[in-house]
Amino acid sequence: MKRIENKIKNICITVMAILIFTPGCTKYQNGFISSTMQYAISTFTIKKGSTASSNSLVSDGSSIPLKVKWTHIYDESGKIVDTLFSKTYPVDVWTAVYDSKTDTSYATVMKKRATQDLPPIVVNETSGVIQANAATYYLPVGKYMMDLEVTNIAGTQELKKAMTLDIIDGETFETTPEPGSYSLSMLIANTASGAPFGALYNGNNNPFVTETITRVADTPNAVTIKITDKNGVVFSPANNEIMKRPNSGLNPKPPYLQNLQDYAPDTFKALDTAMYLNYPLVPFPIESLGNGYNMYYRLPTKFVHIDSTTKGWSGNPAGNLYKGTSDPNFLGYFKDDLYDYSLRIPMRVLVPGAYFLNIKLLNVTHR
């Protein structure tokens with residue numbers, strides 16, 4: 001019995017010694033910082049001028065809070081280009097939460113917006129999320145490697161080439177195919193009813209439309225849209241030569257299909273030669289009012305002379321353009337004063353700035 005007691009006593013002494021002289025098994029006792037912190041995705045692709053965010057830095061068990069910042073950025077040749085990324089530009093930011101139900105006009109949105117001078121790339125110091133803003137529009141296209149410095153209670157860790165930034169060109173002002181597509185049809189004059197033979201063309205590569213999109217300035221945030229006939233003669237919004245398209249049905253709500261006035265009710269202007277509006281932020285429109293990002297208009301019958309064509313334009317994968325009277329699909333002209341010309345314009349602004357959109361209708365002559 002005494003031998004067993006001695007064995008138990010020796011075991012207890014051994015266990016106590018292990019507890020006293022062996023450090024705790026957790027690596028967080030005095031804080032911990034990992035040398036293998038990384039992003040789940042090592043390349044962050046950024047379209048110039050667009051807002052985007054990377055995933056968070058994976059801390060690998062490092063003690064929080066973390067303080068993260070970028071220290072150096074290199075181009076593809078290995079040259080340090082810190083000054084390129086540290087230069088600041090005026091960038092519009094939110095000062096309050098956006099509410100799509102109440103913030104429906106330029107004025108209400110702008111009350112929640114302010115301009116700050118920011119570098120094009122900002123690293124969130126607590127999460128490591130890399131945030132790109134509209135100032136990336138001024139960065140050269142290319143791939144860049146970013147070094148990070150991470151600090152916490154345990155010390156500082158340098159993460160070399162922690163992220164590759166892939167700066168690419170992107171659309172600044174989209175029409176087809178992302179927001180929608182151009183669609184042309186005829187309505188029975190002064191009604192919402194379609195002509196018996198349906199649409200002239202609906203889809204991508206519209207043969208009856210050419211467009212030119214020009215970003216004319218960094219400021220103000222504005223869009224000017226000019227619509228012309230096949231000869232370049234302008235349709236005048238101020239003269240009611242471009243009007244809202246009525247919605248179909250009995251007493252429909254809303255009475256008109258969505259249009260630029262709906263998205264910019266307090267800045268839209270019907271000028272002599274164009275439609276003009278100021279927009280508060282990108283993307284614009286920020287949310288669709290229905291039917292994608294399409295704007296619906298009609299050219300009243302008294303202002304249009306419309307070509308008649310065959311139904312060979314049900315699709316246009318080659319992107320061929322209608323050639324007028326020399327085109328094999330030309331059949332002559334529809335009788336005047338019977339039909340309004342209906343036009344659906346797809347559009348969405350992705351990068352801030354002032355834009356000019358010129359639309360030419362190749363199967364219409366201004367009267």
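A: One definition first: helices (H or I, at least four residues) and strands (E, at least two) are DSSP runs, numbered from the N terminus. This is a predicted model, in which local features need pLDDT of at least 70 and side-chain atom pairs count only at pLDDT 80 or more, while totals for chains, interfaces and linings use all residues. Residues are numbered from 1 along each chain as its sequence is written, and side-chain values use heavy atoms, with hydrogens and water left out.

Q: Where is R298 placed?
A: R298 belongs to strand β20, residues 294–299.

Q: Is R298 buried or exposed?
A: R298 is buried, since its relative accessible area is 12%. Buried means under 20% relative accessible area, exposed over 50%, and partly exposed in between (1.4 Å probe, protein chains only).

Q: Which side chain does R298 meet in a polar contact?
A: The side chains of R298 and D340 are joined by a polar contact of 3.0 Å. A polar contact is a pair of N or O atoms within 3.5 Å; within protein, one must be able to donate a hydrogen and the other to accept it, and residues adjacent in sequence count only if both atoms are side-chain atoms. The R298 side chain also reaches the backbone oxygen of K244 at 3.3 Å.

Q: Changing topic, how many residues does the largest nonpolar core have?
A: It has 45 residues, and I227 and L361 have the most contacts inside it. A nonpolar core is a set of buried Ala, Val, Leu, Ile, Met, Phe, Trp, Tyr and Cys residues joined through side-chain atoms within 4.5 Å. A second, separate core of 26 residues includes I33, I121, V123 and I167.

Q: And how many salt bridges does the structure hold?
A: It holds eight, a salt bridge being a side-chain nitrogen of Lys or Arg within 4 Å of a carboxyl oxygen of Asp or Glu.

Q: What does D147 pair with in a salt bridge?
A: D147 pairs with K160, the closest N and O atoms being 3.6 Å apart. D147 lies in strand β10 (residues 142–152) and K160 in strand β11 (residues 155–168), 13 residues apart. D147 is buried at 0% relative accessible area, whereas K160 is exposed at 56%.

Q: What about D336, which partner forms a salt bridge with it?
A: That partner is R367, with the closest N and O atoms 4.0 Å apart. D336 lies in the loop between β22 (330–333) and β23 (339–346) and R367 in the segment after β26 (364–366), so the pair ties together parts 31 residues apart in sequence. Salt bridges that share partners join D336, D337 and R367 into one network.
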